Amino acid sequence: MKCDLHTHTYFSDGFHSPEYLIEKAISKKLKALAITDHNSIAALPIARRIAERENIELITGVEINCESTEILGYFFDTTYEPLLKIMEENAKSINDVTMQKFYWLKDNGYSIDLNDMMQFVGPNKLLQATHLALELKKKGYVPTLQDAFSIIIKKIKIDYKPKRYSTKKVISEIINANGVAVLPHPWWLPGATKNDIEAYLSKLKEQGLAGIETTGPHPKEDEKLITKIKEIVKAKGLIETGGSDFHSLSHFPENKLGEYTVNYSVIEKLRKRII
C-alpha cells in the first residue's frame, strides 16, 4: 500500500521519461504514484496509458511556483484553463529568468555553453535553474548541484523579477479545478517562515490548504522542524503527505523513488477533501 506522491520527469527538471518513472514505481512495488512536474502536466497522458496497462494507480499532480514557495496540486481537472494559464506563465518566466542568469554568468567570466546546457533539457525545451546548476557542475565550477545553487547561482544579480501568483490564488484555482492543495518540502522554506511555521500554516489552511509534506529527503538539522510541523498538522486537521521528490539518481542521489513513501490511506484522506 506504499505510495510516492512527489516525483518529476524530464518534462520539468527531472531527467527521465514518464515510462521510466512508472517502471521504477512498479519495481518498488508501489500501489500509486504521483507525477508532479513543475508547472507542467505534459507527462500525465503518457504515464497514464502505461499505468493503466501495468495496474498501478497514477495520481494527477503538479508542482506550481508561487510567492516564496511552491504548492502541489492533486486530482484536479487537467482541462481547467485558469490553472493551465498559471502553469504556462510560470514555465515561461522560469525559462526567461534562467536565460538571464546564464548570460549574467557568461558576462562575469564563467565559461559555460548554452548548447551544452540545453542537452539537459527535456522535450518541452524550457530551462530551469537545475539545468544551469548542472552546466556549472559539468564545467567543474562546483563539486555538487547544491553548491551550484548555494555558492554561485544565489549571487547572480538580474533586473528581471518574474511575476509569481500568491499562494492564495494558486490554492484557490486548484480547488476550483476540483483538486486539493498540499505544501511540499517545508524544510526548504525561507528561514523567517520556518521560524514562524505555525502562523504560516494557519494562513495556508485558511486559504484552503489540505495537507503538508512531512516525509521526504530533508536535512538532518530540520528534524525538530518536522516534529513541530507534525504537531501543528494534527492540531489543525491537516493531512501529512510525502514523497521522494525524485529527479534522477545520478544527479540527486538522495531523492530515491519509492524510498520516501506514505500509505494509500493518505490518498483516500486527500480525496475526501475535494470540495
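Is Arg271 buried, partly exposed or exposed, and what is its relative accessibility? I started there. Arg271 comes out at 33% relative accessibility, so I logged the residue as partly exposed. I note at the outset that this is a predicted model.

**Entry 1: the Arg271 contact**

I looked for the partner of Arg271 next. The side chain of Arg271 meets that of Glu57 in a salt bridge, at 2.5 Å from N to O. This pair links distant parts of the chain. Arg271 belongs to helix 11, residues 264–272. Glu57 belongs to strand 3, residues 57–66. I then checked the cover on Glu57. Its relative accessibility is 23%, so Glu57 also goes down as partly exposed.

**Entry 2: other salt bridges**

How many salt bridges are there? I have the count as 9 salt bridges. I took a few of them in turn.

Glu135 and Lys139 meet through their side chains, with 2.8 Å from N to O. I compared the cover on each partner. Glu135 is at 0% relative accessibility and therefore counts as buried, because buried means under 20%. Lys139 is at 31%, so I wrote this lysine down as partly exposed.

I went on to Asp222. Asp222 forms a salt bridge with Lys194, and the closest N and O atoms are 3.5 Å apart. Asp222 sits in the loop between strand 6 (211–215) and helix 10 (223–236). Lys194 is in helix 8, residues 191–195. The pair therefore ties together parts that are 28 residues apart in sequence. Asp222 has a relative accessible area of 9%, so I marked the residue as buried.

Which residues do shared partners join into one network? I found Asp116, Glu135 and Lys139, joined by salt bridges that share partners.

**Entry 3: a positive patch**

Lys2, Lys28, Lys29 and Lys256 form a positive surface patch. I followed up on Lys28. This lysine is placed in the loop between helix 1 (18–27) and strand 2 (32–35). Its relative accessibility is 37%, so Lys28 counts as partly exposed.

**Entry 4: aromatic pairs**

I counted 5 aromatic pairs in the structure. One of them is Tyr10 with Phe11. Their centres are 5.4 Å apart, and the planes make an angle of 70 degrees. I logged the pair as edge-to-face, because planes over 60 degrees apart fall in that class. Cover was the next check. Tyr10 has a relative accessible area of 28% and is partly exposed. Phe11 is at 11% relative accessibility and counts as buried.

**Entry 5: backbone angles**

Where is Ser68 placed? I found Ser68 in the loop between strand 3 and strand 4 (69–74). With a relative accessible area of 61%, Ser68 is exposed.

Lys125 is another entry on this page. Its phi is positive too, at about 60 degrees, and Lys125 is not a glycine. Lys125 lies in the loop between helix 4 (114–118) and helix 5 (129–138).

Notes:
Residues are numbered from 1 along each chain as its sequence is written. This is a predicted model: local features need pLDDT of at least 70, side-chain atom pairs count only at pLDDT 80 or more; totals for chains, interfaces and linings use all residues. Side-chain values use heavy atoms; hydrogens and water are left out. Patches are made of residues with over 30% relative accessible area and no salt bridge: like charges are joined within 9 Å, nonpolar side chains (Val, Leu, Ile, Met, Phe, Trp, Tyr) within 5 Å. Accessible areas come from the Shrake-Rupley method with a 1.4 Å probe; for residues, only the protein chains shown count as cover. A salt bridge is a side-chain nitrogen of Lys or Arg within 4 Å of a carboxyl oxygen of Asp or Glu. Lys and Arg count as positive and Asp and Glu as negative; His and the chain ends are not counted. The place of a charge is taken as NZ of Lys, CZ of Arg, CG of Asp or CD of Glu. Helices (H or I, at least four residues) and strands (E, at least two) are DSSP runs, numbered from the N terminus. Buried means under 20% relative accessible area, exposed over 50%, partly exposed in between (1.4 Å probe, protein chains only). Rings of Phe, Tyr and Trp (its six-membered ring) pair if their centres lie within 6.5 Å; planes under 30 degrees apart count as stacked, over 60 as edge-to-face and the rest as tilted.
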